[in-house]
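Let's take a walk through this protein together.

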Amino acid sequence: MRPGVVTLASTAVLLLAAAPGAAEEVPLPERMADTGGGTQLITAEAPTADATSGTVTWWDRRGGRWSKAGSATARFGANGLVEGVIRKQGTNTTPAGLYGLPYAFGIKAAPAGTRALYRPVHQGSWWCQDDGSASYNRWTEPLPADCRASESEHLITFDPQYAYALVIGFNYDKPVRGRGAGIFLHVNGKGATAGCVSVPLDAMRRILQWADPAHSPHIAIGTSSGATGITRY
C-alpha cells in the first residue's frame, strides 16, 4: 500500500474512534454514587430542575454490569424537582434522591407475575397527609379521627393514576412533618403531577411485573446535571 493511503487509513481509524457514540456509552447506574445495594434500579431523570417531563428507565445488574430492562416517558411535579431533604409539602415538586420502594398498591388487581407486596385499594383506603396526625405519610384504612380528609388522599378516587402504583420511600421511614407525603410512582393522569413520578399505564404494569423484592429495587430521581443531578445519588 502506498504511504499516502496508509496515512489516510490511519486518520480514518482515529476519527472513527473519536466520533461520538463510537465507544459504548457507560450505563447511567454505573455513573451513580449509589444505587441502593441491590440488583434492580429505577432511574427517573429530568433534563433540568424545572422540567415536568423526562424518562423512567428500569435496570438489572447481571454479571457485574447494569443493563436496561425497559424505559418510558415520565412526568414529574408541576413545579419541577427539588432536593428531597429540603422539600416542602404542598409545593408540587418531585423530591430528588435515592429511595426504597416499600410496596405496591392499586385500584386494579395486581398484574400477573407481580412479586412485590401489593395492597388492593378499597373504598375505605386513604393516604394520610395531615402533618398533625399520628398516621402522617401512611396508608390508613379507614381514615383515623386525627387525620383530616381535606389533607389526605382518598385513594380510590384517583383513577387512572392509582390503577397501579409503587410507594416511593421519600420521607417514609422516619417522617419529617411538613416535608411531604404520598410520593408514588404511578400511572399518568392528565398532566404534570403534584410531586409524584408518573408513567403510561402499560409501563407501570411492566414495572410491577419486573420488580422483585429479592433484588432490593430502589428508585433514583434527579436531573441530568446540577444540584439535583441523578449521578449524585
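The structure holds one disulfide, meaning a pair of cysteine sulfur atoms within 2.5 Å. In general terms, that is a covalent bond between the sulfur atoms of two cysteines. Here the partners are C128 and C147, with their sulfur atoms 2.1 Å apart. The link of C128 and C147 is right-handed, with 115 degrees about the S-S bond. C128 lies in strand β8 while C147 lies in the loop between β9 and β10, so the pair ties together parts that are 19 residues apart in sequence.

Before going on, a word on what you're looking at: this is a predicted model, in which local features need pLDDT of at least 70 and side-chain atom pairs count only at pLDDT 80 or more, while totals for chains, interfaces and linings use all residues. Residues are numbered from 1 along each chain as its sequence is written, and side-chain values use heavy atoms, with hydrogens and water left out.

(Buried means under 20% relative accessible area, exposed over 50% and partly exposed in between, using a 1.4 Å probe and protein chains only.) Another cysteine, C196, is buried at 6%.

Now follow β8 into its sheet. Three strands form an open, antiparallel sheet here, in the order β9-β8-β10. Strands are DSSP runs of E with at least two residues, helices are runs of H or I with at least four, and both are numbered from the N terminus; two strands pair if DSSP finds at least two bridges between them. β9 (138-140) and β10 (152-154) stand at the edges with a single partner strand each, so one side of each is left without a neighbour in the sheet. Between β8 (residues 126-128) and β10 there are three bridges, and C128 stands opposite S152 in β10.

Elsewhere, strand β2 (residues 53-62) runs antiparallel to strand β3 (residues 65-75), and ten bridges join them. T57 has S71 in β3 as its bridge partner. Two residues sit between the strands of this hairpin, where G63 takes a positive phi near 60 degrees.

Stepping back, how many helices and strands are there in the protein? There are two helices and 14 strands. Of the 233 residues, 46% are buried.
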